[in-house]
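Please follow the chain from its domain layout to its strands, its ligands and a few individual residues. The account below is meant to be read beside the coordinates.

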Amino acid sequence: MSQRLKIAIQKSGRLTEKSLELLERCGLEFTRSKDELFCFGQNMPVDLLLVRDDDIPEFLREGICDLGLVGDNVAEENRLKAQAKGQPYPLERVRGLGYGRCRLSIAVKRDFDYQSIEQLAGRHIATSYPYLLQDFLDRNGVRAGIAYLSGSVEIAPRLGTAEAICDLVSSGATLAANNLKEAEVIYRSEAALYQRALEDQPEKQALLQRLLVRLDAVLKVAESKYVMLHAPKAQLDAICRILPAAEAPTILPLGGKEDTVAVHTLCRETVLWEHLEQLQAAGASAILVLPVEKMLG
Ligand code: PRP
Ligand code: ZN
């Protein structure tokens, strides 16, 4: 019997669209079931299960699925929970995926004069991440009460059930809207690919390897940018040194300009606004950063 690889992704939330997009860019095509919770792989024996993100680590541990695209925060919370209960945690982080970046932070009311974590001793902190929070408090030798809430954690201080919260922060909009401010970052997270142990299933293992080759190519292209700019000849070396992980540049003459050239190059690492500012300060002008659709070789 040929085996099908099952990948769990978040059913609706911040990771859903990006996860589907990533798998499609790896060349996988799916047909969605009527209830939209199962996607059948059309061109490879790889199916998707759409589930609550918090359930993904458990599904992997129970072997209901083989791979999961999930936030490191969710996986780490599950690992600490398994550790506290003395249970095995046979999950492995295979790749960081570069999206869904956020931080798990302790936040307090805006008017709280926050200086250090000791101020939270003996207080109550509301969170959906009790194990990550407890771990942080233990490491800092602080004893505080943890009030578990499965959602809407940010309203706890207003209701008076907790003096602080520990929740995910991405843009910070939720904190601002609830009159809260970030006090401590306790964990940084991104979406990642996790797998359960597959040693005893060589067919699935081989499928995963095939998928990883594609995934690595897709992730590499995602960072790569094609950069075009004008550079004074005298500044050419200095400017090329600023470009992150650049290939040998193409240098082209510019019509009617003796002392300036056009530079085209592929940068294999993320080009940040800081890089553009440095380029401009070094004399570059007409700087364009273009996305790369596909790349071979
Ligand atoms: C998180 C968190 C906040 C919000 C923060 O929830 O619980 O409500 O995002 O984001 P912001 O800083 O951009 O406002 P999420 O949407 O991840 O849902 P979940 O925790 O239930 O999966
Ligand atoms: Zn969730």
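This is a predicted model: local features need pLDDT of at least 70, side-chain atom pairs count only at pLDDT 80 or more; totals for chains, interfaces and linings use all residues.

Residues are numbered from 1 along each chain as its sequence is written, chains are lettered from A and ligands numbered from 1 in the order in which they are written, and side-chain values use heavy atoms, with hydrogens and water left out.

The domain assignment divides the chain into domain 1 (5-98 + 191-221), domain 2 (102-188) and domain 3 (224-291); such bounds come from an automatic or database domain assignment. Between the C-alpha centres of domain 2 and domain 3 the separation is 44 Å.

Helices (H or I, at least four residues) and strands (E, at least two) are DSSP runs, numbered from the N terminus. Strand E4 covers residues 46-51, and because six of its six residues are buried, the strand is largely enclosed by the rest of the structure. Here buried means under 20% relative accessible area, exposed means over 50%, and partly exposed lies in between, with a 1.4 Å probe and protein chains only. In a regular strand the side chains alternate between the two faces of the sheet. Both faces of E4 are covered, with Val46, Leu48 and Leu50 buried on one side and Asp47, Leu49 and Val51 buried on the other.

Two strands pair with E4, pairing being assigned if DSSP finds at least two bridges between the strands. Strand E1 (residues 5-10) runs parallel to E4 and is joined to it by six bridges; Gln10 has Val51 of E4 as its bridge partner. Strand E3 (residues 38-41) runs antiparallel to E4, with two bridges between them, and Phe38 stands opposite Leu49. E3 and E4 form a hairpin that has four residues between the strands. Phe40 also belongs to strand E3 and is partly exposed, its relative accessible area being 40%.

The ligand sites come next. The zinc ion (ligand 2) is coordinated by Asp53 (OD) and Asp54 (OD) at 2.2 to 2.4 Å. Donors are N, O and S atoms within 2.8 Å of the metal (3.2 Å for Na, K and Ca), and water is not among the atoms, so sites may look incomplete. Asp53 counts as buried at 17% relative accessibility, whereas Asp54 counts as partly exposed at 36%.

Asp53 is also one of the residues around ligand 1, among them Gln10, Arg14, Glu154 and Asp167; a residue is near a molecule if one of its heavy atoms lies within 4 Å of it. Polar contacts are pairs of N or O atoms within 3.5 Å; within protein, one must be able to donate a hydrogen and the other to accept it, and residues adjacent in sequence count only if both atoms are side-chain atoms. A backbone N or O atom of Ser170 lies 2.8 Å from an oxygen atom of ligand 1, and a polar backbone atom of Gly172 is 2.7 Å from an oxygen atom of this ligand. The side chain of Thr174 places an N or O atom 2.5 Å from an oxygen atom of ligand 1. Of the 510 Å² of accessible area that ligand 1 has on its own, the protein covers 67%; accessible areas come from the Shrake-Rupley method with a 1.4 Å probe, and for residues only the protein chains shown count as cover.

Two further residues can be located. Cys65 sits in the loop between helix H2 (56-61) and strand E5 (67-71), and is buried with a relative accessible area of 0%. Lys204, in helix H7 (residues 202-223), counts as buried at 7% relative accessibility, and its side chain makes a polar contact of 3.1 Å with that of Asp66.
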